[in-house]
Amino acid sequence: MTFVVPFDGSELAAAALVRALEYGRALEEDVVAVSVVPERNRYAREKGWIADEEPFDPERIVATLRDHVRELAPEASFDAERIREFPPEDRLATHIEQLVLEHDPSVVFLGSDNVGRVVTPLTSVGVHLAAEDAYDVFVVRHPSPPTVAGIDPHESFYEET
């Protein structure tokens, strides 16, 4: 079994990765972070991957995401896919879900502040990933330490937030 984390470098994605690592250590499960990088300037700027004046370099973006994963979870694996399109959120979610499924997850740790609410934005990638029934979903809504007995908090992550 594997814990898989869709990772875009955001604060909640980082919190989900850390939580997956904490549970993975306690349960002796592998952790994989996955990223999908559309090869479009606008999306990269929206995600904060590049500054307004910075040129788009998908290889550098993937390397930066990989480095961020290694920083937070050195024992986690990282897998990224570059796509040449800038699809609507639901098609982007399909790309992410396909990458997630390649790792045969038992649980997907999803950093999202809006998954599962009564009113959910249609543009949330998390909504589409949470709807899949091939795996359980652990939603991380806050970058706070775990409250489950037997789960040791990450050694430095919570000091930064």
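Trainee: What makes E28 count as exposed?

Mentor: Its relative accessibility is 73%, and a residue is called exposed over 50%, buried under 20% and partly exposed in between, using a 1.4 Å probe and protein chains only, so E28 counts as exposed. Residues are numbered from 1 along each chain as its sequence is written, and side-chain values use heavy atoms, with hydrogens and water left out.

Trainee: Where does E28 lie, and what value is its phi near?

Mentor: E28 lies in the loop between α1 and β2, where helices (H or I, at least four residues) and strands (E, at least two) are DSSP runs numbered from the N terminus. Its phi is near 55°, a positive value in a residue other than glycine. D104, which is not a glycine, also has a positive phi, of about 45°; D104 is placed in the loop between α4 (89-101) and β4 (105-111), and at 59% relative accessibility D104 counts as exposed.

Trainee: How many helices and strands does the chain have?

Mentor: There are 6 helices and 5 strands, and from the N terminus on their order is β-α-β-α-α-β-α-β-α-β-α.

Trainee: How do you know whether H154 is buried or exposed?

Mentor: The relative accessible area of H154 is 6%, so H154 is buried. Its place is in the loop between β5 (136-140) and α6 (157-160). Counting a contact as heavy atoms within 4.5 Å, H154 touches V18, L21, E22 and L72, with residues up to four places away in sequence set aside. H154 and L21 are 133 residues apart in sequence, yet 8.0 Å apart in space from C-alpha to C-alpha.

Trainee: Which backbone nitrogen lies 3.0 Å from a polar atom of the side chain of H154?

Mentor: That is the backbone nitrogen of F157, and the backbone nitrogen of S156 lies 3.2 Å from a polar atom of the side chain of H154. A polar contact is a pair of N or O atoms within 3.5 Å, where within protein one must be able to donate a hydrogen and the other to accept it, and residues adjacent in sequence count only if both atoms are side-chain atoms.

Trainee: Why is the meeting of the K47 and D8 side chains called a salt bridge?

Mentor: The term needs a side-chain nitrogen of Lys or Arg within 4 Å of a carboxyl oxygen of Asp or Glu, and since the K47 and D8 side chains meet at 2.8 Å, N to O, the pair is a salt bridge. K47 is in helix α2 (residues 41-47) and D8 in the loop between β1 (2-6) and α1, so the pair links distant parts of the chain, 39 residues apart. A search of the whole structure finds 9 salt bridges.

Trainee: What makes the pair of E155 and R25 one that ties together parts of the chain?

Mentor: The side chains of E155 and R25 meet in a salt bridge of 3.2 Å, N to O. E155 lies in the loop between β5 and α6 and R25 in helix α1, so the pair ties together parts that are 130 residues apart in sequence. R25 is partly exposed, with a relative accessible area of 38%.

Trainee: Which residue forms a salt bridge with E39?

Mentor: R82 does, the closest N and O atoms being 2.6 Å apart. E39 lies in the loop between β2 (30-38) and α2 and R82 in strand β3 (residues 77-83), so this pair ties together parts that are 43 residues apart in sequence. At 13% relative accessibility E39 counts as buried, whereas R82 is partly exposed at 33%. Salt bridges that share partners join E39, E59, R82 and R84 into one network.

Trainee: Which residues have the most contacts inside the largest nonpolar core?

Mentor: They are F7, L17 and F109, in a core of 44 residues, to which helix α1 (residues 11-27) gives the most, with 9 residues. A nonpolar core is a set of buried Ala, Val, Leu, Ile, Met, Phe, Trp, Tyr and Cys residues joined through side-chain atoms within 4.5 Å. Leaving aside neighbours within four places in sequence, F7 is in contact with residues including A13, L17, V34 and L72.

Trainee: What is the mean pLDDT of the chain?

Mentor: The mean is 85, and 83% of the residues reach 70 or more. Over residues 116-124 the pLDDT is below 50. Where pLDDT is low, the predicted coordinates should not be read in detail.

How values were computed: Predicted model: local features only at pLDDT ≥ 70, side-chain atom pairs only at ≥ 80, totals over all residues. pLDDT = per-residue confidence, 0-100.
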